[in-house]
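Please keep the sequence and the model open beside it while you read.

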Amino acid sequence: MPSNPELQSASENVIVVDESNHVLGAVPRRQMREEKLCHRATYVFVFNSKGQLYVQERTLSKDIYPGYFEPTTGGVVAEGESYDVAAVRELAEELGIEDTPLEPLFHFYFHNDDCKVWGRVYSCHYEGELTLQEEEVAGVILESPEDILSNRFSRRYTPDSLVALKRLMHFYGGGRH
């Protein structure tokens, strides 16, 4: 197994699914990206007590949307994982948040020229220190969902996370969580 985290990530097996979210098998992450195969991913919206989201700035080494801002924590579901296990793992890896209850909310399908994904959306509340995964997270800012959706600060946001956020706001009736 390669010792470089980026190489390990590229060689990890991820679950691939059809457009109805039925599991077809597992392939290396690199193959999933190169062939733009439909896969599963988790999206965790982390709110603070003011209703702001912890928004990650993705590193430039990310395999998709490098340097973009992402209002969710999460990532691909690995072979042998459930959505729930992947969500907890990603939250701990990316932001160092552990032992925080996640509220599972809904599934959604997203596709564009770069990506096809079935996502599972979660939310949680967190106040405290973060430990950023330096390979994936360049920094974190706090923004309201409304500022993100209006793109008040003219940032490039990951398109799948924006779709998830729009659906989250609709799920909660347009108000803050």
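1. In strand β7, the bridge partner of R40 is W118. Nine bridges join β3 (39-47) to β7 (116-125), and these two strands run parallel; two strands pair if DSSP finds at least two bridges between them. Helices (H or I, at least four residues) and strands (E, at least two) are DSSP runs, numbered from the N terminus.

2. Before going further, please note that this is a predicted model, in which local features need pLDDT of at least 70 and side-chain atom pairs count only at pLDDT 80 or more, while totals for chains, interfaces and linings use all residues. Residues are numbered from 1 along each chain as its sequence is written, and side-chain values use heavy atoms, with hydrogens and water left out.

3. How many of the residues of β3 are buried? Nine of the nine are buried, so β3 is largely enclosed by the rest of the structure; buried means under 20% relative accessible area, exposed over 50%, and partly exposed in between, for a 1.4 Å probe and protein chains only. H39, A41, Y43, F45 and F47 point one way from the strand, whereas R40, T42, V44 and V46 point the other way.

4. The largest nonpolar core has 22 residues, of which Y43, F45, L53, F108, V121, L165 and L168 touch the most other members. A nonpolar core is a set of buried Ala, Val, Leu, Ile, Met, Phe, Trp, Tyr and Cys residues joined through side-chain atoms within 4.5 Å. Two or more residues each come from β3, β4 (53-58), β6 (103-111), β7 and α5 (159-171). Apart from this core lies another, of 18 residues, among them V17, C38, Y83 and C124. In soluble globular proteins, nonpolar side chains tend to be buried together.

5. T72 lies in the loop between β5 (69-70) and α3 (83-95), and T72 is buried, with a relative accessible area of 1%. The side chains of T72 and S161 are joined by a polar contact of 3.1 Å, that is, a pair of N or O atoms within 3.5 Å, of which, within protein, one must be able to donate a hydrogen and the other to accept it, and residues adjacent in sequence count only if both atoms are side-chain atoms.

6. S161 is also among the buried residues of α5, together with D160, A164, L165, L168 and M169. These buried residues pack against β3, β4, β5, β6, β7 and α4 (145-150). Just after α5, G173 takes a positive phi of about 75°.

7. Finally, K116, whose place is in strand β7, is partly exposed, with a relative accessible area of 30%. The C-alpha atoms of K116 and A86, 30 residues apart along the chain, are separated by 18 Å.

Technical notes
Contact = heavy atoms within 4.5 Å.
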